[in-house]
Amino acid sequence: MRQTDSGSPYAPHTPAETEAMLEVIGVDSTDDLFDIPDGARFDGSFDIAARTERAVREEVGGTLADNDDLVEFLGRGHYAHYVPSLVDHLADRQEFLTSYTQYQPEIAQGFLQALFEYQSMLVELTGLSVANCSMYDDATALGEAATFADRVRGVSGDRILVPELLREEKRDVLENYAAGPGLTVDTYGMADGNVDVDALGDAIGDDVVMVYAENPTVRGTIEESLDAVGDLADDHGALFVLGSDPVALALLEEPASVGADVVVGDAASLGLGSAYGMGLGMFVTSEDHLRQVPGRLVGASEDASGHRAYTLTLQTREQHIRRERATSNICSNQAWVALRAAIHGASLGPDGLLDLAEQSVRDAADLASRLDDIDGVQAPHHDRHHFREFVAHTDQPAPAIASDLADRGYAVHAVDEHYLQVCVTDVTADATDGLVAALEEVAR
């Protein structure tokens, strides 16, 4: 790069070039290009008094102590499983702590291998052959699946079918994605928390490019009609997209065996715990659609010496290279989050992951049974098997009960006027006695 008068080798324009550009634009200085209020402008000082480390820790600790101390029996897409300390110890190594994408394989072999292992875990759990690494979260993964379906399916339609019981935030993101290519998002009916196959049959047609279902569903029920959903989608030339997560997939039916073309969801159930917004969107499909997969893929190859090596492959599908012809405009790097999921998954191993999934079923069933013994509470509301979470009917208004529970230190979702949703994981299983006692007090 050209050395400038400022001495920086990284500024590409000389003062003369900058002045010429400003003259063409019609402004006097580069400051005129930015409309920054005076109160927000940096004047060279942050005006923050110097403090010792101890003083800072005490002040921050005091501020955090003002937060409500709640035991969170929350779910609906965000699940807090215990994350072993080794995940932090390994992921916090300096070679991993970077927001820079691993475009230089000669200096990123360890990171690339970990991402390859993450992809391999998802491939094994889903039965499909290609996984990326990765999307922002489950909502963006679903949105990418919609535009992906529009590209790979031969039908001339523009409709996407999703269950009527779908998280509102997820649907909002999907509709934003669908607006660009002119797709329409429609819903099909549910019966007792699961897919109403007859309602789906009435809603589907040859103008549908994608059918989306979830297992577990947003209410924690285990879906029993995935074969029928896959058959209906296939009969009408639509893509069958299934939403799930890695912990659930360790126990539930393999998506490939029920005809799923794409599996999306949030892999942050491994490696993150409660991240309050941070996610790790997974996207897995078959090799038939390899060149249409959004995001990044890590591939295994050999170097000049014949040794196994890893590299990012098929980068031309990214926005920064293909511009308007890109299959995705996701370019921010979620690799560190995928690294954490890979470390967590590897530390559990196949048996440990299965044990965690089975515990998620047992704990939900046990807690639902205990809540059902409380006067004024019927749990679970849906006569189904459940994974992690379930809905309970309350005779008293659910929002008031949820508020009273929060006053007693327990957070649950009020999903309707008389329905609470409760999620229990290995992190909160030892706090269920307190929740049951508190609900006994406030549900009368």
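On a 1 Å grid over the protein atoms alone, a pocket is an open set of points where a 1.4 Å probe fits, with protein on both sides within 12 Å along at least five of seven lines, and its lining residues have an atom within 4 Å of a point. Keep that in mind as we look around this predicted model, where local features need pLDDT of at least 70, side-chain atom pairs count only at pLDDT 80 or more, and totals for chains, interfaces and linings use all residues. Residues are numbered from 1 along each chain as its sequence is written, and side-chain values use heavy atoms, leaving out hydrogens and water.

Let's begin with the second largest pocket, at about 340 Å³ (a volume is the space filled by probe spheres set on the grid points, which are joined across faces, edges and corners). Its lining has 17 residues, and Met121, Glu124, Leu125, Pro350 and Leu353 lie nearest the centre. Helix H4 and helix H11 (335-372) each give two or more residues to this lining; helices here are DSSP runs of H or I with at least four residues, strands are runs of E with at least two, and both are numbered from the N terminus. H11 has the largest share, seven residues.

Now for the largest pocket, with a volume of about 730 Å³. It is lined by 42 residues, and the closest to its centre are Gly75, Arg76, Gly77, His78 and Tyr79. Strand S9 (262-266) is among the elements that supply at least two residues, and S9 gives the most, with three.

Tyr79 has another story to tell: Arg388 lies over the face of its ring, 4.1 Å from the ring centre. To count, CZ of Arg or NZ of Lys must be within 6 Å of the ring centre and within 35 degrees of the ring normal.

Rings can also meet each other. Rings of Phe, Tyr and Trp (its six-membered ring) pair if their centres lie within 6.5 Å, and planes under 30 degrees apart are stacked, over 60 edge-to-face and the rest tilted. That rule gives five aromatic pairs. One of them joins Phe96 and Phe111 edge-to-face, at 5.2 Å centre to centre with 80 degrees between the planes. Phe96 sits in the loop between helix H3 (85-91) and helix H4 (109-126), and Phe111 in H4, so the pair ties together parts 15 residues apart in sequence.
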